[in-house]
Amino acid sequence: MKKTILLSVAALGMAALAVSCQKEEVVPVAVSVIVDESALVDVPSPESYTVSLTNLSTAEVMTAETENSTASFMSVVPGLYGVSVLATASDGGKSYNYSGSASSVEISAEGQTIKVPVTVAESSALVLKEIYYACSGDYYIREQFYEVYNNSDATVYLDDLCIAEVDYYNQVDKAPYNFQIENPQNYVFAGDVWQIPGDGTSYPLQPGESAVIAQWATDHSMESLNPGSAIGDLSSAEFEALTGESTAGTTVITDNAAIDMEHPVMAYSQPQWLTSTGGATMVIFYPGHELNSENMIAAEGLYGGAREIPVEWILDGVNAVPDETMIQYKGLPDNIDAGAVWTGEAYCGKSIARKISETRDDGRIIYMDTNNSSNDFEVMDKPEIRRNGAKIPSWNTWAE
Amino acid sequence: MLLCLCLAAGAQERAVPATRETAVGSSLWLRSSNSAGLALDSLGVMSDLSLGFSFEQGGLKSVWAGERETDAGVEAKGVAKVAGMTLYGDFSYDYTDISGARYNASVYEPAYDQPYYVADYSVSGWKKQAYDMGFRGATPLFWRDRAAFGFEARYKAMVGAKQTDPRTETFRYDLLLAPSFTFSFGGAGTFGLKLEYMHGFERSTPSVENDWVTPRVAIMRGLGFYTAGTAGGNLGFDIFYYKTNRYGGSLQYAFSSSPADLLVDVGSYVSTTLVSENPEFPRMRGRTEKFGLTLDAMANLGRRKNHRVMLRADWGSTSGYEYNQQLGTSQGVSHWITINNPLMSTYDILEADMSYVWYSGFDGSGEYDFRLGLSADMFMMMQKYVAPLSRFDASNAGLRVFAGWNIPVGVSGRLLPELCAGYRLSPSGVYSYAGTMNRDSEIVLDMYPSELNFLTADRLETSFGLTWALGVRDKSSLCFSLRGGYDHSFGLREHRLTAAFGVAYLF
């Protein structure tokens, strides 16, 4: 009888041992990322590239610098990763941004190599310098603004410049939109596009000048609006996203001194332009052809569809996401913005502003533009138009 | 029905606390996991109906426990004989009000071996209710009084509500079904076999009342590794589901002789818990697989069976699997596709306790004059996050001595004072986090170190109790009990105070 008991206990013990031995714990692997520079012609090569591996499940990021075009990661947990390659270089007074990416790369094998082709683009003359999308007060939604800055050494004309918030994520289904178009990766999509009018030379922007595009260029700190407004008076803005006076509820949206923009693309009629207060991914671009709202591209869960914007049109874009959990659902391709930035909360009165790269001898500020908003932007406790002394264009006669 | 069963039974002799205590202690099969063995116990019929109120306060606690907890409950249980069958039923309801709990925004009861839950950063209250009902039955002995079948069914439903943002309403139930069998080889002893299946389900629904603030949360993966998230709105974390299936079995052996009654119960089980988020767009958050071994041994020794020994041990080895999932959009339908689900963390936990009690003046009726005993317990946990290698290990052991008296008061009254004092020591404990992200986070810098401090704090443990039993009618007693406890850690300079008041009707 005792033998039986002992045998039973022994059998259970062996079963326990067997189960313990069966555990196959994950084994980190070494991975190499090889930067493919074959597409770089007649441009200087950067000294090195910064390569980032972002675990798409955990949002953990590993970075390494390349040596001889190869970045080595010695201990990578197998999984699904986004790979981005970035570098900057200057030559002959020009700044170049190098970027490459690979999406949803499954890393599973020891010694795995990942080849990432890079392309190069000159730094954009126009950059989004500050974006205030979060708003403040008691769900007050009309004080958003977007500031465009001439970061170059040459005059740029704002005529026809478009600005749009990118539609990419269905917050109800909690999944990216699935746009019904061939090669959707070649586009970004926007339900609303606002455009600066002009005949081509109406609105020059000199180096160091900025233009403020307000949702509504009025004094938002008025008692009838938002007395505690984080931004206050936007009446000096150069442009406002209005096509004329309108009424929203009991509020009369007055047409102010700021130049009214055009609204060539709208998924559906609405009295104001409200971008996401939780996080608005924005792009500026010059359209390659006239835009309209016909034959909008459909996506399940997106009312009215969206206009496709070829990636090559885009001058600058910023992945402003609601919070760090959204880093795996960025709305822009990595060559436009390989990073992401967030204020964390809606109605918090905070803005995102581009960091200073250098200050020239004449006092002109050059802002960081590495196509990575994680590096290029910082969260500001209070929004401010024309921060750091950005100049007002000469044609803005209504700004004090 | 269970309540009826509980209340239907009536004791044949006066039920007083001491006899009830020793009767249950003598019923080795009742204390085992095998219901068929109830047919072999000399239980008679008995019933308890009790109301209780308890209170705890103090900082010597797990981070998940409340700084202050109050509990009100009612419990009924009883054993009855119906048509030769032995039936046992119990029912309890508890309402618990917790304040000052931390780092849990999703589950009714966090556990060391369930790493996939949501933690938040607010100090919060919880209100919880638990309904627990169980039934055990054994057929009459058959086949020359050598065999019996048994069955156990238990259903426990729990609801919890977190009281500050991010709020969570969680509903959980555990359903257990366990058929069993015993067979006696004559005088040599009795063998038992029990099989069990348990299904558990928990649904945690988050919400935010104050839309002005977006609470930050940590979607935990074990040992301080987490994915940052938020609560509320369209982007906050969604409903979490926990679905558990557990299969187990155990063998029993009981031996009875003049100087000793002995029962050994050895079991094992395997369980799998799937953790997913968002019912409309399901995404796996993790999976745990557990293998466990249990040992229960109890013996009543001496010619009068007035020396009682108990040993219980539970070892569980849990593996935590994470899911790497990719959004698939085939045919216009988005859904998560699992690329792989590696084993990322392990949790080995051993809990054991043992006790010895000596009853002085133990007579045939089951009463005694005095009891003196020793009890000891140990807890050992080893947690590991595989890559990057991180560890959370802790162990402690406690030893207590206790004494109790059973003093007749008048004809049918009893006064039962009891005292207990002991000390808990921790030989070791370590928390090391090797992650590259979140090194400065509250989870890594406060939550895990605080829990380690609690688990490894040497402490003095004391308690007292006083029960006053009054004879009611012929065979029943009405008992009023008051209990208190005070634990103190000199190292942490923290304490935990407990107090309880109860009324019980034994019949």
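Two strands pair if DSSP finds at least two bridges between them; helices (H or I, at least four residues) and strands (E, at least two) are DSSP runs numbered from the N terminus. The model is predicted: local features need pLDDT of at least 70, side-chain atom pairs count only at pLDDT 80 or more, and totals for chains, interfaces and linings use all residues. Residues are numbered from 1 along each chain as its sequence is written, while chains are lettered from A and ligands numbered from 1 in the order in which they are written.

**Exercise 1.** Determine the strand order of the open sheet of 3 strands in chain A, and state which strands stand at the edges.

*Solution.*
Step 1. The order is S4-S1-S7 in chain A, with mixed pairing.
Step 2. Strand S4 (70-76) and strand S7 (112-117) of chain A each have a single partner strand, so they stand at the edges and one side of each lacks a neighbour in the sheet.
Step 3. On average, neighbouring strands of this sheet are turned by 20° against each other, direction ignored (axes are lines fitted to C-alpha atoms, for helices over the stretch in contact, and angles run from 0 to 180 degrees between N-to-C directions).
Step 4. Strand S1 (residues 29-36) of chain A runs parallel to S7(A), joined to S7(A) by 6 bridges.
Step 5. In S7(A), A:Ile114 is the residue opposite A:Val33.

**Exercise 2.** Describe the domains of chain A and the contact between them.

*Solution.*
Step 1. The assignment, which is automatic or from a database, gives domain 1 (29-122) and domain 2 (126-389).
Step 2. The C-alpha centres of domain 1 and domain 2 of chain A lie 29 Å apart.
Step 3. Domain 1 of chain A gives 10 residues to the contact and domain 2 of chain A gives 11 residues, where contact requires C-beta atoms, placed from the backbone, within 7 Å.
Step 4. On the domain 1 side, strand S5 (79-91) and strand S6 (94-107) of chain A each supply at least two residues.
Step 5. That side of domain 1 of chain A holds 3 nonpolar, 7 polar and no charged residues (Ala, Val, Leu, Ile, Met, Phe, Trp, Tyr, Cys and Pro count as nonpolar, Asp, Glu, Lys and Arg as charged, and the others, Gly among them, as polar).

**Exercise 3.** Characterise the side of chain B that touches chain A.

*Solution.*
Step 1. In this interface, 40 residues of chain B are in contact with 43 residues of chain A.
Step 2. Elements giving two or more residues to the chain B side include strand S10 (225-230), strand S13 (283-301) and strand S17 (343-360) of chain B.
Step 3. The chain B side comprises 20 nonpolar, 19 polar and 1 charged.

Terms used: Two residues are in contact if their C-beta atoms, placed from the backbone, lie within 7 Å.
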